[in-house]
Amino acid sequence: MGKLDGKVAFITGAARGQGRAHAVRLAADGADVIALDICRDIESMDYPNASPDDLEETVKLVEKEGGRIVARQADVRDGDAVEQVVADGLAEFGRLDIVIANAGVIRLNVGGDRRQTFRDIVDVNLIGVWNTVEASTAALIDGGRGGSIVITSSSSGIRATGTDRAGGQAYAAAKRGLVGLMQVLANELAQYSIRVNTIHPTGVATGMVMNEAMGAMFEANDPVLAQMQNALPIQILMPEDIANAVAFLVSEEAKFITGTAWPLDAGFAVR
């Protein structure tokens, strides 16, 4: 018997990286999955997003773990589209228990349209999370079983570093804004036994980090990246490291934990 047998998890940004790792780990624990990913690039960003093939690979990996999955391509900036994905999942599975608002983008490099870069990062990372929770809350409440919402923030949401680049400014602002949103939601939804928490990973080996644009910044010893060092001698985490922590947070073992901002950061926040 898995810890999450019979439960259903809605995960955004599920085609690769942390989102895929969450989907696979929760499926291994017995959950069925509603998976959403944009599966197309955003012009203002300097690296490629996941592809439809990536999302199909997530489907295969979830099914390999014995889980059922409804996978859809949608943009978290589009509230109507997110609502439709949730509706499709409810039509298939009949319930919703867990929401992992994970979709996000970043641009730390110079160049591009500063205003558009700032807007797109805030729209995906903050408004997209609000759209995700907004589309899911009624189903969690109506289920009458409580539930767990996990919002992916960042180490930057706890301790931001200095930069004149619009992307870094927007990323820190959005990720810190998620903490305020989490606290409001945790207070409001506690009456329904729905728990809400943010997680704050340091650098994780995903497509957001492991790409040509970020690689060029590392090669050039870019000062923005030089500020981002962990206290522990761990340069980067794996997606599965974060998924293991989230699996605990959404389980009954963490039924008393809500309203927290949980650093998963190898000591970044205390350095």
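## Strands and their pairing

Two strands pair if DSSP finds at least two bridges between them. Strands (E, at least two residues) and helices (H or I, at least four residues) are DSSP runs, numbered from the N terminus. The structure is a predicted model, in which local features need pLDDT of at least 70 and side-chain atom pairs count only at pLDDT 80 or more, while totals for chains, interfaces and linings use all residues. Residues are numbered from 1 along each chain as its sequence is written, and side-chain values use heavy atoms, with hydrogens and water left out.

Strand 1 (residues 8–12) and strand 4 run parallel and are joined by three bridges. Phenylalanine 10 has valine 99 of strand 4 as its bridge partner. Strand 4 also runs parallel to strand 5 (residues 147–152), and four bridges join these two. Here isoleucine 100 stands opposite valine 150 of strand 5.

## Strand 4 and the crossover

Strand 4 (residues 98–101) is covered on both faces. Ile98 and Ile100 on one side, and Val99 and Ala101 on the other, are all buried (under 20% relative accessible area; exposed means over 50%, and partly exposed lies in between, with a 1.4 Å probe and protein chains only).

Together with helix 4 (residues 114–143) and strand 5, strand 4 makes a right-handed β-α-β unit. A crossover is right-handed if, with the strands pointing away from the viewer, the path from the first strand over the helix to the second runs clockwise.

Glutamine 18 belongs to helix 1 (residues 17–28). This residue counts as buried because its relative accessibility is 14%. Leaving aside neighbours within four places in sequence, glutamine 18 is in contact (heavy atoms within 4.5 Å) with Asn102, Thr152, Pro201, Val204, Thr206, Pro239 and Ile242.

Isoleucine 141 lies in helix 4. With a relative accessible area of 27%, isoleucine 141 is partly exposed. Residues up to four places away in sequence not counted, isoleucine 141 touches Leu189, Tyr192 and Ile194. Isoleucine 141 and aspartate 97 are 44 residues apart in sequence, and their C-alpha atoms are 9.4 Å apart in space.

## The second largest pocket

The second largest pocket holds about 200 Å³ of space. Of the 13 residues that line this pocket, Arg145, Gly146, Gly147, Ser193 and Glu252 are the closest to its centre. A pocket is an open set of points on a 1 Å grid over the protein atoms alone where a 1.4 Å probe fits, with protein on both sides within 12 Å along at least five of seven lines; lining residues have an atom within 4 Å of a point. Grid points are joined across faces, edges and corners, and a volume is the space filled by probe spheres set on the points.

The lining has two nonpolar, four polar and seven charged residues. Ala, Val, Leu, Ile, Met, Phe, Trp, Tyr, Cys and Pro count as nonpolar, Asp, Glu, Lys and Arg as charged, and the others, Gly among them, as polar.
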